[in-house]
Amino acid sequence: MEWCSPILAPYGMAASRDRRDGILRRKRLEYLDCVAQHYDIPDTDRTDEEINMLRQIAVDCPRTVPDVSFFQQVEIQKSLERILYTWAIRHPASGYVQGINDLVTPFFVVFLSEYLEGSIHNWSMTDLPPEKMSNVEADCYWCLSKLLDGMQDHYTFAQPGIQRLVFKLKELVRRIDEPVSRHMEEQGLDFLQFSFRWFNCLLIREIPFHLVTRLWDTYLAEGNSLPDFLVYIFASFLLTWSDELQELEFQEMVMFLQHLPTQKWTHLELETVLSRAYMWHSVFNNSPSHLSG
């Protein structure tokens, strides 16, 4: 759990071990009570809106990280469904938004790695006692809740938080790499067309899944400053292909950005992206005027 210590603040991770264990037990029971109250009920006790939301979640769960067979196991999909539905019911301002399903997956991997050995591609839920899985599910729920607490307006109506960060990303790219910014503008490419998904899913769909936990090390270390720091990470990510983008026309750029060539990426490429992001953050973050028109 040390990997998630910044996000486990609701559990009181700075407390003594005995007190921390007590808080963990209480929070896990609280989650189970929420599931019993909101999820384990007949549809006749749900509103039409809640029924439709649960159906959408049930559709999205099998689409979550489709390239990793572990997430296609029935037990994992039902666990994911319970987490997402319970979170959505308890956060009516946003409810469920497609993309939030992706955000649970790194927590699953880290917490389950305490009990399952070897490659995730060989993991089987039959090797995990139900009590352990129940604890993992609760921990994932509270971690997701803490993560989204800092970016609620990313998922409310019209997703204004994402709209704001997309604008900041466009401005930052213009300051750092004016030629590629000008080329994209001349071709009529709107940053929303490709970066909306990046902010919505935090790049999980853009890089190989085995690199996601390293990326999330950085996310969690930023704490409440994460939303603004995402702008620097995504600018660094985009400008990895500055030269290639300047050779492409509109339609080619759209296709390229929707299918970025990251399949063979290793930790080296990701570390390069993160190092650039930290460097640019140190240059621009104390000069807000750089990102305002």
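This note sets out points on the fold, core, helices, salt bridges and backbone of the structure.

1. Basis of the model. The structure is a predicted model, in which local features need pLDDT of at least 70 and side-chain atom pairs count only at pLDDT 80 or more, while totals for chains, interfaces and linings use all residues. Residues are numbered from 1 along each chain as its sequence is written, and side-chain values use heavy atoms, with hydrogens and water left out.

2. Overall fold. The chain has 13 helices and 0 strands; helices (H or I, at least four residues) and strands (E, at least two) are DSSP runs, numbered from the N terminus. Along the sequence the pattern is therefore α-α-α-α-α-α-α-α-α-α-α-α-α. The radius of gyration is 20 Å, close to the 19 Å that the globule rule gives for 293 residues, so the chain is as compact as a globular protein of that length. That radius is taken over C-alpha atoms, and the globule rule is 2.2 Å times the number of residues to the power 0.38. Taken along the principal axes, the C-alpha atoms fill a box of roughly 55 × 45 × 40 Å.

3. Of the 293 residues, 52% are buried; buried means under 20% relative accessible area, exposed over 50%, and partly exposed in between (1.4 Å probe, protein chains only). Among contacts (heavy atoms within 4.5 Å) with a separation of 6 or more, 74% are between residues 24 or more positions apart. The chain exposes about 14,000 Å², and carbon and sulfur atoms supply 50% of that area. Accessible areas come from the Shrake-Rupley method with a 1.4 Å probe; for residues, only the protein chains shown count as cover.

4. Nonpolar core. In soluble globular proteins, nonpolar side chains tend to be buried together. Here the largest nonpolar core has 95 residues, of which Phe-71, Phe-108, Leu-112, Trp-216, Tyr-219 and Ile-233 touch the most other members. Such a core is a set of buried Ala, Val, Leu, Ile, Met, Phe, Trp, Tyr and Cys residues joined through side-chain atoms within 4.5 Å. Leaving aside neighbours within four places in sequence, Leu-112 is in contact with Phe-70, Ile-76, Trp-123, Leu-128, Met-133 and Val-136.

5. Helix H10. This helix (residues 226–238) has 13 residues, which at 1.5 Å a residue should span 18 Å; the end C-alpha atoms are 18 Å apart, in agreement. The expected span is 1.5 Å times one less than the number of residues. H10 is mostly covered, with 12 of its 13 residues buried. Among them are Leu-226, Pro-227, Ser-236 and Leu-238.

6. Helix H2. The 13 residues of H2 (residues 48–60) should span 18 Å, and the end C-alpha atoms lie 19 Å apart, which agrees. Buried residues in H2 are Ile-51, Met-53, Leu-54, Ile-57 and Asp-60. Their cover includes helix H1 (17–39), helix H3 (74–90) and helix H4 (100–112).

7. Salt bridges. The structure holds 15 salt bridges, each a side-chain nitrogen of Lys or Arg within 4 Å of a carboxyl oxygen of Asp or Glu. Glu-178 and Arg-182 form one of them (2.4 Å, N to O); being 4 residues apart in helix H7 (residues 178–186), they are separated by about one helical turn. Glu-178 is partly exposed at 38%, and Arg-182 is partly exposed at 39%. Lys-27, Glu-30 and Arg-90 are linked in a network of salt bridges.

8. Further charged pairs. Glu-271 and Arg-214 meet in a salt bridge (2.6 Å, N to O). This pair links distant parts of the chain, with Glu-271 in helix H13 (residues 267–284) and Arg-214 in helix H9 (residues 212–222), 57 residues apart. Another salt bridge joins Glu-206 to Arg-197 (2.8 Å, N to O); Glu-206 is buried at 5% relative accessibility, whereas Arg-197 is partly exposed at 30%.

9. The end of H13. Phe-284 lies in helix H13 and is buried, at 11% relative accessibility. The C-alpha atoms of Phe-284 and Ile-176 are separated by 9.8 Å, although the two residues are 108 residues apart along the chain.

10. Positive phi values. Val-65, which is not a glycine, has a positive phi of about 40°. Val-65 sits in the loop between H2 and H3 and is buried, with a relative accessible area of 10%. Ala-158 also has a positive phi, near 70°. Ala-158 is in the loop between helix H5 (130–149) and helix H6 (160–176), and counts as partly exposed at 47% relative accessibility.
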